[in-house]
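Subject: Structure handover

Hi,

Here is the structure I promised to pass on. Have a look at it first, and then read on for what turned up.

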Amino acid sequence: MPEAKKRSNSASPQGPRVLAISNQKGGEGKTTTAVNLAASLAAAERRVLLIDLDPQGNASSSVGYPRGAATRGTYDLLLGQASLEEVVHSTELGRLDVVPASPDLAGAEIELVGVEGRESVLARALSAALAPKPKGKAKASAGAPWEFVILDCPPSLGILTLNALVAATAVLIPMQARYFSLEGLGALVGTVERVRGAFNPNLVIEGIVFCLYDRRTNLAQQVVAEVKGHFGDKVFETVIPQNIRLSESPSFGKPALLYDIESKGAQAYLSLARELLQRIEAAEKADKPKAKTKAKAEAKA
């Protein structure tokens, strides 16, 4: 099994996009989405770091690190016992790295209670490694080697999820097209707004993706219509269908695209990655004229 490693990739000039995959309700497809979106972005030749913040460790085992396989991981990073570089491990996909959930992660919430600024320990741990560096620095300190950092959150709104939301630039919300999932969505959106107001003013909702989707039911179509009516284009057009290959692949320690790339589940996540990249590209193009206008105004001032 690959060991923790040092990276020498070129840096992402503006720092990576940090996506928290979050939903306080269990069974909504968080870990499946975190693992397979990360793998699909890697397949699209983006450099990706997957960080497992769920004590269950399912994201870790889904990329080749079952419980106990890695002695250092997220727990050590959060408690300040290791740097990011020391807990990063490689995976079968060359462009995908992982910080696995170490065995002690379940106790992190209790141990963090007495830590000052406990809601931002992950943000502080990531900032030094992920922040873009000034020009002229040596190659060894060129900045983050990843374009995306994917945070797999536990199914709760505890201190681990709060740390993810404080560290993230955006939240991606997986959900099922069911009535109770709507209630969980409302609670999570409220949490995002509170985190934005108190800790992370730049936090945005990247989008909502429907998982375990069954087009045959009227309820599923009604829920999608209701969510689209409220969130508009924040809802991804790509939906993730119910698919046995998505359920089987974790037991082989592989993302779906390495287990069966032709499966509907693998193809859906590849499509989701393409849609995400297209959205980001479109947003960046729209922001360029604004940035130029702002720069001119500052130059005149």
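This is a predicted model: local features need pLDDT of at least 70, side-chain atom pairs count only at pLDDT 80 or more; totals for chains, interfaces and linings use all residues.

In helix 6, Val121, Leu122, Ala123 and Leu126 meet Asn163, Ala164, Val166 and Ala167 of helix 7; contact here means heavy atoms within 4.5 Å. By type, the residues of this contact are 7 nonpolar, 1 polar and no charged.

Numbering runs from 1 along each chain as its sequence is written, and side-chain values use heavy atoms, with hydrogens and water left out.

Back to the two helices. Helix 6 covers residues 121-130, and its axis packs 7 Å from that of helix 7 at an angle of about 45 degrees. That makes helix 6 oblique to helix 7, given that angles under 35 degrees count as roughly parallel, over 145 as roughly antiparallel, 65 to 115 as roughly perpendicular and the rest as oblique. The axes are lines fitted to C-alpha atoms, for helices over the stretch in contact, and the angles run from 0 to 180 degrees between N-to-C directions.

How many residues of helix 7 are buried? Of its 9 residues, 159-167, 8 are buried, with buried meaning under 20% relative accessible area, exposed over 50% and partly exposed in between (1.4 Å probe, protein chains only).

Leu151 is buried, because its relative accessible area is 0%. From Leu151 to Val18 it is 133 residues in sequence, but 7.4 Å in space, C-alpha to C-alpha.

The other helix pair I looked at is helix 8 (residues 179-198) with helix 9 (residues 218-231): their axes come within 10 Å and cross at roughly 20 degrees. So helix 8 is roughly parallel to helix 9. Helix 8 brings Tyr179, Leu182, Leu185 and Val189 to the contact, and helix 9 brings Val223, Glu226, Val227 and Phe231. That gives 7 nonpolar, no polar and 1 charged. The crossing of this pair is right-handed.

A few single residues are worth a click. Most residues other than glycine have a negative phi. Glu45 has a positive phi of about 65 degrees; this residue sits in the loop between helix 1 (30-43) and strand 2 (48-52) and is exposed at 57% relative accessibility. Leu212 has a positive phi as well, of about 50 degrees. Leu212 is in the loop between strand 7 (204-210) and helix 9, and counts as partly exposed at 38%.

Is Glu275 buried or exposed? Glu275 is buried, with a relative accessible area of 11%. Its place is in helix 12 (residues 264-300), and it touches Phe236, Glu237 and Thr238, not counting residues up to four places away in sequence.

As for the whole protein, there are 12 helices and 7 strands; these are DSSP runs numbered from the N terminus, helices being H or I with at least four residues and strands E with at least two. Buried residues are 49% of the 301. Of the contacts with a separation of 6 or more, 78% are between residues 24 or more positions apart. The accessible surface comes to about 14500 Å², with 52% belonging to carbon and sulfur atoms (Shrake-Rupley method, 1.4 Å probe; for residues, only the protein chains shown count as cover).

Cheers

Definitions and conventions. A crossing is left-handed if the near helix is turned anticlockwise from the far one by less than a right angle, and right-handed if clockwise. Ala, Val, Leu, Ile, Met, Phe, Trp, Tyr, Cys and Pro count as nonpolar, Asp, Glu, Lys and Arg as charged, and the others, Gly among them, as polar.
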